[in-house]
Amino acid sequence: MADIIELKATDLAAMLCSRVCHDLINPIGAIGNGLEVLGDPGQTEMAEGARDLIASAARQSRAKLEFARLAYGASSTSGTDIDTRECERVARILFDIEKADLDWQVPLILLPKHKAKLFMNMLLIAAMSVPRGGEVTARISGEAGQEKFEFTSKSDPEKRQKTLIPSGSAGLLSGMPEEGFVDARGIQPFYTGLLARMTDMQIEIGLENDRFFLTATPQMRSDAA
């Protein structure tokens, strides 16, 4: 059986930074292109389209930065709990730029920082399971300290696109990717699995009746005598 891959802190940080840069390069580039058009007196007829492009790219940039700050970064929440109202705020900003709809079934509770980060990263994976639209349901149940995270999704039948398990995510979540290594492309699901192991949560991912599911449940721990 393959061993779980252990990354150096510097490698993990570098790959997460690369992931954030990858997410931002297109919208930031679009803002730059729009500003170039607005600054060119010979392209006044394209000004309205340029403004729309800038506004759309700015929304995408904000959503991705807000998500990265909460899901990847320590921010000012080091050593503290995170209110699920903040998770919902960031989730709804993110889904403003996603093609899927969000069904938020999460109580108002405080989550330990790493559990909140785990929940948000799981949400992103669930969103990737319906890339052309559909509905993602996010749910937390259970008593404090024994919370269960549940995500389900189903594609919009009118899009004629199957619900899918994001490529390679099962192996990356387990810490044992099929390729035998982790790169910046797969760092987000790998990091999600790392957070699950840090918080003693067991991840399950799959498809059932054409519906995607991703769950994290507290592991039963047997303490030595």
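Author: Helices (H or I, at least four residues) and strands (E, at least two residues) are DSSP runs, numbered from the N terminus. The model is predicted, so local features need pLDDT of at least 70 and side-chain atom pairs count only at pLDDT 80 or more, while totals for chains, interfaces and linings use all residues. Residues are numbered from 1 along each chain as its sequence is written, and side-chain values use heavy atoms, with hydrogens and water left out.

Reader: In what order do the 5 strands of the open sheet lie?
Author: Two strands pair if DSSP finds at least two bridges between them. In general, strands of a sheet pair through backbone hydrogen bonds, either parallel or antiparallel. In this open sheet the pairing is mixed, and the order is β2-β4-β5-β7-β6.

Reader: Which are the edge strands?
Author: An edge strand here pairs on one side only. The two that do so are β2 (100-105) and β6 (201-208).

Reader: How many degrees does the twist average from one strand to the next?
Author: Axes are lines fitted to C-alpha atoms, for helices over the stretch in contact, and angles run from 0 to 180 degrees between N-to-C directions. From one strand to the next, the twist averages 10°.

Reader: What angle does the direction of α4 make with that of β5?
Author: Contact means heavy atoms within 4.5 Å. Helix α4 packs on the sheet and touches β2, β4 (134-141), β5, β6 and β7. The direction of α4 makes with that of β5 an angle of about 15°.

Reader: Which residue of β4 is the bridge partner of L102?
Author: β2 and β4 are paired in the parallel sense, over 6 bridges. The bridge partner of L102 in β4 is V136.

Reader: Which residues form the uncovered face of β2?
Author: In a regular strand the side chains alternate between the two faces of the sheet. The covered face of β2 holds A100, L102 and W104. D103 stands opposite T137 in β4. The uncovered face of β2 is formed by D101, D103 and Q105.

Reader: What phi does G142 take in the hairpin of β4 and β5?
Author: β4 and β5 pair in the antiparallel sense over 8 bridges, with T152 in β5 as the bridge partner of T137. The hairpin has 6 residues between the strands. There, G142 takes a positive phi near 100°.

Reader: Which residue in β7 is the bridge partner of S153?
Author: Strands β5 (residues 148-155) and β7 (residues 211-218) run antiparallel and are joined by 5 bridges. In β7, S153 has as its bridge partner F212.

Reader: What is the relative accessible area of N209?
Author: N209 is found in the loop between β6 and β7, and its phi is positive, near 55°, in a residue other than glycine. Buried means under 20% relative accessible area, exposed over 50%, and partly exposed in between (1.4 Å probe, protein chains only). N209 is exposed because its relative accessible area is 71%.

Reader: Is D210 buried, partly exposed or exposed?
Author: D210 lies in the loop between β6 and β7 and has a positive phi of about 65° although it is not a glycine. With a relative accessible area of 38%, D210 is therefore partly exposed.

Reader: Which residues have the most contacts inside the largest nonpolar core?
Author: A nonpolar core is a set of buried Ala, Val, Leu, Ile, Met, Phe, Trp, Tyr and Cys residues joined through side-chain atoms within 4.5 Å. The largest one has 50 residues, and its largest share, 10 residues, comes from helix α4 (residues 113-128). Those with the most contacts inside this core are M120, L123 and F149.

Reader: Why is the pair of F67 and Y72 classed as it is?
Author: Rings of Phe, Tyr and Trp (its six-membered ring) pair if their centres lie within 6.5 Å; planes under 30 degrees apart count as stacked, over 60 as edge-to-face and the rest as tilted. The structure holds 5 aromatic pairs. The centres of F67 and Y72 are 5.7 Å apart and the planes stand at 85°, so the pair is edge-to-face.

Reader: How many residues apart in sequence are the parts tied together by F119 and F149?
Author: The rings of F119 and F149 have centres 5.1 Å apart and planes at 75°, so this pair is edge-to-face. F119 lies in helix α4 and F149 in strand β5, so the parts tied together are apart in sequence by 30 residues.
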